[in-house]
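This briefing summarises selected structural features of the model shown below.

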Amino acid sequence: MPQNQSLTIKPIEGAKPGKVYYPLHLNTSPVPTPGPGQVLVKVQASALNHRDLFIRQHLYPGISFSAPLLADGYGTVVSPSSSPLYNKPVLVTPSRGWISSPDGPEPIPATETNREEKEWSVIGGSARYSDQGTAQSFIVVPEEEVFPAPGHLTSAEGAALPLAGLTAWRALITKGEAERGQNVLVTGIGGGVALAALQFAVKKGCNVYVTSSSQEKINKALEMGAKGGVLYTEATWEKTLLKQLPKTRPFIDVIVDGSGGDIVAKGIKMLKQGGKIVVYGMTVGPKMEWNMNAVLKNIELRGTSMGSRAEFGDMVKFVDENKIKPVVSRVVSGGLENIQGIDGLFEDLKGGKQFGKLVILVDGEEEGVRSPKL
């Protein structure tokens, strides 16, 4: 009889947020059984996000010590056989409770029935959806929360897509309203969201510029279609970037940013009148400066957090039609038992070493991928 393995975090007595680093814990349990309207997915690959690191540091709200970690997953529907997705590769949506509203997660119904199931939350390590998380061998999900995986993707590439792809799609398309011919700045190139935004914008026909602390990462972005890039470690990097813009369009239309910090102060100098700054994360700190110069220039600051199930479907369709392959930085094989190797992926996240997504092959090896146990 197959067993369901899962990875959770192990509590530490007296742990303080930001001071702790919870160890990974391997669990074994019976394979779950899908109920009405659900499917059982055998997970082949999962991927890390920064929120997983924050969970281990207790810097993320509503964490759970019993819920399997990770929100990104690629697998095969193995039950029930009556499902139209049976025996087909699928992508698991990375959140629950947001169906289609472009404004944000839909309001919670007034009734108490199923209130928790309708509240929006990212899955993986979350107390709100304690059985949902892709760091497990098998996962039961509502049938509407899986989408057919694009056929050109490997399992590792498929696992790299969901959360980063959805976040980038909403930031660039829904909130940024980026159009062909516009100049788009994507900050912090190297992370999964930033790279997905670069790929989507290039395919949309935008002129993409990037920032990074690494010239090597900028060079890789140029190979992927970026028009230019600058080191944000330079005090006046915005002036360097302005010199790279075409004379026929000497300004930035949209900034897609995941760090916060001084992006408003820098952005004012580059953006056109009425330009947009779309912020999907604030890794520098929880506060940003907003000043009168931004008001006078009619700058729009738009916050965004992941996206809806409908946006996920649109994003997957775009990836499929344009044969986009998510960038995978490193893959660890050996399944969930390879805790040492998985800890190594977390170390990559800590040090910002990655260029692309960090992936775990949950179900054995993947042909063509060199991924030694670490």
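Strand 13, helix 8 (residues 263-268) and strand 14 make up a right-handed β-α-β unit; a crossover is right-handed if, with the strands pointing away from the viewer, the path from the first strand over the helix to the second runs clockwise. Helices (H or I, at least four residues) and strands (E, at least two) are DSSP runs, numbered from the N terminus. The model is predicted: local features need pLDDT of at least 70 and side-chain atom pairs count only at pLDDT 80 or more, whereas totals for chains, interfaces and linings use all residues. Residues are numbered from 1 along each chain as its sequence is written, and side-chain values use heavy atoms, with hydrogens and water left out.

- Six strands form an open sheet with parallel pairing, in the order 12-11-10-13-14-15; two strands pair if DSSP finds at least two bridges between them.
- Strand 12 (228-231) and strand 15 (300-303) stand at the edges with a single partner strand each, so one side of each has no neighbour in the sheet.
- Neighbouring strands of this sheet are turned by 20° against each other on average, direction ignored. Axes are lines fitted to C-alpha atoms, for helices over the stretch in contact, and angles run from 0 to 180 degrees between N-to-C directions.
- Helix 4 (residues 162-175) lies across strand 10, strand 13, strand 14 and strand 15, and runs at about 150° to strand 14.

**Strand 13 and its partners**

- All six of the six residues of strand 13 (residues 252-257) are buried, so this strand is largely enclosed by the rest of the structure. Buried means under 20% relative accessible area, exposed over 50%, and partly exposed in between (1.4 Å probe, protein chains only).
- Strand 10 (residues 183-186) pairs with strand 13 in the parallel sense over three bridges, and Val256 of strand 13 is the bridge partner of Val186.
- Strand 14 (residues 271-279) pairs with strand 13 in the parallel sense over five bridges.
- Within strand 14, Lys276 is the bridge partner of Val254, and Val279 is the bridge partner of Asp257.

**Packing of helix 5 and helix 10**

- Helix 5 (residues 192-204) and helix 10 (residues 309-322) pack at an angle of about 65°, with their axes 12 Å apart.
- Helix 5 passes helix 10 in a left-handed crossing; a crossing is left-handed if the near helix is turned anticlockwise from the far one by less than a right angle, and right-handed if clockwise.
- Phe200, Lys203 and Lys204 of helix 5 meet Met315, Phe318, Val319 and Asn322 of helix 10, where contact means heavy atoms within 4.5 Å.
- The residues of this contact divide into four nonpolar, one polar and two charged. Ala, Val, Leu, Ile, Met, Phe, Trp, Tyr, Cys and Pro count as nonpolar, Asp, Glu, Lys and Arg as charged, and the others, Gly among them, as polar.

**Individual residues**

- Gln57 is found in the loop between helix 1 (50-56) and strand 4 (72-79). Gln57 is buried, at a relative accessible area of 18%, and touches Pro17, Gly18, Val20 and Tyr21, not counting residues up to four places away in sequence.
- Gln215 belongs to helix 6 and is partly exposed, at 39% relative accessibility. Gln215 and Gly229 are 14 residues apart in sequence, and their C-alpha atoms are 8.6 Å apart.
- Glu216 is also found in helix 6 (residues 215-223) and is exposed, with a relative accessible area of 52%. The C-alpha atoms of Glu216 and Ser46, 170 residues apart along the chain, are separated by 27 Å.
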